[in-house]
Amino acid sequence: MRLRTIRPEFVEFVPEVLTPGVLYISILYATATHSCACGCAEKVVTPIRPTDWSVIWDGETVSLDPSIGNWSLPCQSHYWIRRNRLVWAGRWSRQDIEAGREKDRSIKLRYFRGRGRKGDPSPVQNRTADRRVSDSSLVDARRPRERSDRSPEDSPA
Ligand SMILES: [Zn+2]
């Protein structure tokens with residue numbers, strides 16, 4: 001059953017068993033994790049980064065931007081989290097997904113080029129932070145995969 005609401009829970013480590021309707025936010029690992037809101041219970045990990053998702057927490061409710069397109073899951077569900085509410089979006093066609101990935105690639109390319117610029121105040125610091133995130137067992141980074149779209153990563157088997 002599709003969920004209609006989700007609530008934020010700030011954690012250091014994401015629990016093994018995810019409670020549906022909870023968005024686990026780890027500031028330390030810069031990730032938000034939830035059990036797929038369609039009810040299929042797949043683990044959905046959304047990295048919080050300038051090139052991925054942003055979390056907006058107003059003290060009571062949470063929003064995630066942009067939308068979450070679970071194209072790598074069988075359910076193919078697509079929704080926004082807006083002030084603790086799930087706003088369901090239509091499924092995307094193959095073309096939509098490809099177009100979205102293409103757009104995302106160019107966003108990332110621009111971002112990472114910009115970071116390499118001379119005079120960047122803290123490139124080394126940024127890189128260290130990134131490495132810590134990918135080393136974490138929270139994020140499914142053990143299987144290297146192309147990170148060129150905004151589909152959340154698959155959960156570890
Ligand atoms: Zn699902």
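**A tour around strand β2**

From the N terminus on, the elements of the chain run β-β-β-β-β-β-β-β-α-α. In other words, this predicted model has eight strands and two helices.

Start with the whole chain on screen. It has 157 residues, of which 23% count as buried. Now consider the contacts between residues at least 6 apart in sequence: 43% of them join residues at least 24 apart.

Next, select residues 22-26, which make up strand β2. Is this strand enclosed or open? Four of its five residues are buried, that is, each has 20 or more other C-beta atoms within 10 Å of its own, so β2 is largely enclosed by the rest of the structure.

To find one place where they face each other, pick Phe-10 and look across to β2: Ile-25 stands opposite.

While the strands are displayed, show the side chains as well. In a regular strand they alternate between the two faces of the sheet.

Now select residues 31-35, strand β3. Which way does β3 run relative to β2, parallel or antiparallel? The pair is antiparallel, joined by three bridges.

Finish at the turn. β2 and β3 form a hairpin, with four residues between the strands. Among the residues in this turn is Ala-30, which has a positive phi of about 50°.

How values were computed. Residues are numbered from 1 along each chain as its sequence is written. This is a predicted model: local features need pLDDT of at least 70, side-chain atom pairs count only at pLDDT 80 or more; totals for chains, interfaces and linings use all residues. A residue is buried if 20 or more other C-beta atoms lie within 10 Å of its own, exposed if 12 or fewer, and partly exposed in between; C-beta atoms are placed from the backbone. Two strands pair if DSSP finds at least two bridges between them. Two residues are in contact if their C-beta atoms, placed from the backbone, lie within 7 Å.
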